[in-house]
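Please examine the structure shown here.

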Amino acid sequence: MCYSICLISWMIVILCPLQKVQSHQNEWYKTATIYQVYTRSFMDSNNDGNGDLQGILEKLDYIQTLGFDTVYVQSVFKSPFLDGGFDVSDQKDINPIFGTTNDLKNLIDEIHKRGMKILIDFVPNHTSHEHEWFKKSVKREAPYTDFYVWENPKEFDSQTNEPIPPNNWIAVFTGSMWKWSDERNQFYLHQFLPVEPDLNYRNPAVREAMKGILKFWLDLDVDGFRVDAIGHLLEDIMLRDNPWIPGMVGVNNYRAQIHKFSKNQEEMYEVTDEWRLVLDEYTRKTNRSRIMAFESFDPPEFVQKHMGNETHKRLHFVLCPTIFFHRPYNASGIVDFIQTQLRVSTPSGVPSWSVGSHDMGRSGDLGGSEISLPSFMVAFLLPGVATSYYGDEISMSDQPLRPDQKSNMDAFDHLKHRTPMQWDDSTNAGFTRTRKPWLPVNPNYWAINVKRQLGEKHSQLNNCIRLIKLRRTPTILNGQLAICTPTPWLFVFQRYLHGEASIVVVVNLGTEMELISLKDCSFNLPRVMEIHTASSSSGFQIGDKFVVCDSSNLTSCPRLRPRSGLVLTSARSSESSYAVKSKHSILIFALSLVLSACYW
Ligand code: NOJ
């Protein structure tokens with residue numbers, strides 16, 4: 001009897017790691033390390049001033065050498081580019097400035113040959129006004145007549161005879177959400193720019209057409225999609241007015257309204273359920289998860305519902321929770337943010353963290369360049385998916401455009417986040433050999449570039465490589481999490497796993513020196529740890545010993561400089577010496593050891 005119990009437990013120990021390895025192949029996305037490429041700004045292979053697919057192909061080795069396993073290739077579809085490529089005029093074709101569908105297929109194959117994965121965009125809410133569907137819809141041509149949200153005016157102005165929009169909804173980029181079409185004699189809805197008419201998801205033909213687009217790219221073998229603006233898919237069927245925020249009645253700003261009737265309508269989950277069925281069909285066929293990451297800045301309950309539950313799974317993770325962009329910018333602010341993300345991705349989603357993005361910009365621009373490496377430490381060493389925006393790895397910064405460099409493309413002042421990649425200190429940072437790149441290169445390229453940082457042992461780039469390697473260790477892949485805030489500005493978390501080295505991340509978010517008293521966190525750490533990675537402003541060096549101080553004698557505690565971060569590692573340990581005492585730990589995100597190993 002005892003013998004068979006022992007045998008069973010021995011099997012659990014052996015089988016779980018096996019299952020773990022398998023689930024990593026099939027469910028690769030659960031620990032994906034994503035490199036987000038804004039295609040037009042990454043690498044210009046044909047010297048027309050625009051980045052392109054061939055350019056990404058030429059730089060694949062670079063992305064792989066950094067340690068990334070997934071590439072998110074952004075904004076590649078045909079588009080007049082009035083909203084950075086999110087105004088798609090043909091979802092089944094590539095913008096000729098980036099190449100052809102064959103070029104994308106080559107890129108997909110090369111990515112797969114390297115054992116990596118590729119995500120592309122899926123922009124379901126709207127199309128460009130130049131899309132064939134819209135042109136035909138304006139003319140009421142079947143079957144496109146009701147492909148968009150068309151509505152009669154509420155009334156005509158008694159004096160001017162101007163048509164009055166059906167309701168008070170304000171578009172994300174300001175102005176009425178309704179635009180009049182003289183040709184069709186009706187208003188059409190646009191959640192974003194007037195050149196981005198909204199598709200009508202109450203029309204089954206639209207739903208079928210959009211599933212056709214998913215299948216088209218899945219057939220080309222993409223691994224998944226980043227779903228744009230998911231909460232905007234459907235609106236109230238009765239088109240009721242949105243309530244105003246008190247004190248902002250009539251203000252022409254998206255933030256002046258509560259988007260009760262224009263956003264997050266319950267039927268959107270029916271649509272995402274249909275998409276999930278499509279993904280699952282391809283997952284089954286190929287035994288490789290096909291996934292959807294989605295964009296949402298909505299309240300947690302919506303984000304969680306988009307991911308579903310154990311028995312009813314929907315989308316896989318949210319791709320936009322940007323570390324250090326939340327407010328307030330202090331230890332409890334970031335803990336709230338992390339707790340919320342962990343909660344919404346339970347039970348069926350995966351937590352996900354980004355360093356920067358094409359909309360939010362780069363971490364250093366909000367917290368100062370010192371915080372750039374600490375944001376990697378946090379995003380890459382928390383459990384789940386980590387995404388970094390091209391150039392974050394060398395600490396690129398935003399570059400606002402001069403008025404004479406702006407055009408009608410700068411819909412929302414987003415272009416400053418999308419300046420060309422800084423490869424070296426040659427003309428135009430090695431991005432293009434043409435005289436004029438589509439956007440000016442950040443003037444700091446002579447100092448901040450890939451070539452230089454590859455040659456500097458402790459550059460941000462080499463530190464990122466170190467962190468991604470650490471991310472591949474069992475403690476980070478499978479370990480548990482405990483978080484602690486010893487002071488209002490010091491944010492600390494520990495990853496730990498039975499028999500493995502413990503990893504501790506310490507970030508000072510404040511503008512003054514902070515004492516690092518880890519004893520208060522009750523992490524049960526050894527007295528001496530090693531500095532695995534130190535941000536350049538921290539005052540510490542990689543390889544230094546770090547003595548965990550005694551909280552009864554605070555003066556013995558090491559101090560951490562403002563806006564800097566450290567990653568500490570311990571030697572391998574036994575489970576008991578790392579049992580977390582939850583008294584002071586404010587969060588323990590954990591399953592049991594066996595469960596967590598099996599889950600991942
Ligand atoms: C979100 C995208 O990230 C943003 O860049 C775009 O302007 C809107 N969706 C509209 O597609």
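## Basis of the description

The model is predicted.

## Helices α6 and α7

Helix α6 spans residues 204-219 and helix α7 spans residues 268-286; their axes come within 11 Å and cross at roughly 30°. Because angles under 35 degrees count as roughly parallel, α6 and α7 are therefore roughly parallel to each other. Their crossing is right-handed.

On the α6 side, the contact is made by Arg207, Lys211, Leu214, Lys215, Leu218 and Asp219. Helix α7 contributes Glu270, Val271, Glu274, Trp275, Val278, Leu279, Glu281 and Tyr282. By residue class, the contact of α6 with α7 holds seven nonpolar and seven charged residues, with no polar ones.

## Helices α8 and α9

Helix α8 (residues 300-307) packs with helix α9 (residues 331-344) at an angle of about 35°, and their axes are 9 Å apart. Pro300, Val303, Gln304 and Met307 of α8 make the contact with Thr340, Arg343 and Val344 of α9. The residues of this contact comprise four nonpolar, two polar and one charged.

## Ligand surroundings

The residues around the ligand are Asp83, Phe86, His126, Phe173, Phe192, Arg226, Asp228, Glu295, His358, Asp359 and Arg418.

For Asp83, a polar side-chain atom lies 2.8 Å from a ligand oxygen atom. A polar side-chain atom of His358 is 2.7 Å from an oxygen atom of the ligand, and one of Arg418 is 3.5 Å from a ligand oxygen atom.

Terms used: Residues numbered from 1 in each chain as written. Predicted model: local features only at pLDDT ≥ 70, side-chain atom pairs only at ≥ 80, totals over all residues. Heavy atoms only, no water. Axes fitted to C-alpha atoms, helices over the stretch in contact; angles between N-to-C directions. Helix = DSSP H or I, 4+ residues; strand = E, 2+ residues; numbered from the N terminus. Parallel < 35°, antiparallel > 145°, perpendicular 65-115°, else oblique. Left-handed = near helix turned anticlockwise from the far one by under 90°. Contact = heavy atoms within 4.5 Å. Nonpolar A, V, L, I, M, F, W, Y, C, P; charged D, E, K, R; others polar. Near = heavy atom within 4 Å. Polar contact = N/O pair within 3.5 Å; in protein donor to acceptor, adjacent residues only side chain to side chain.
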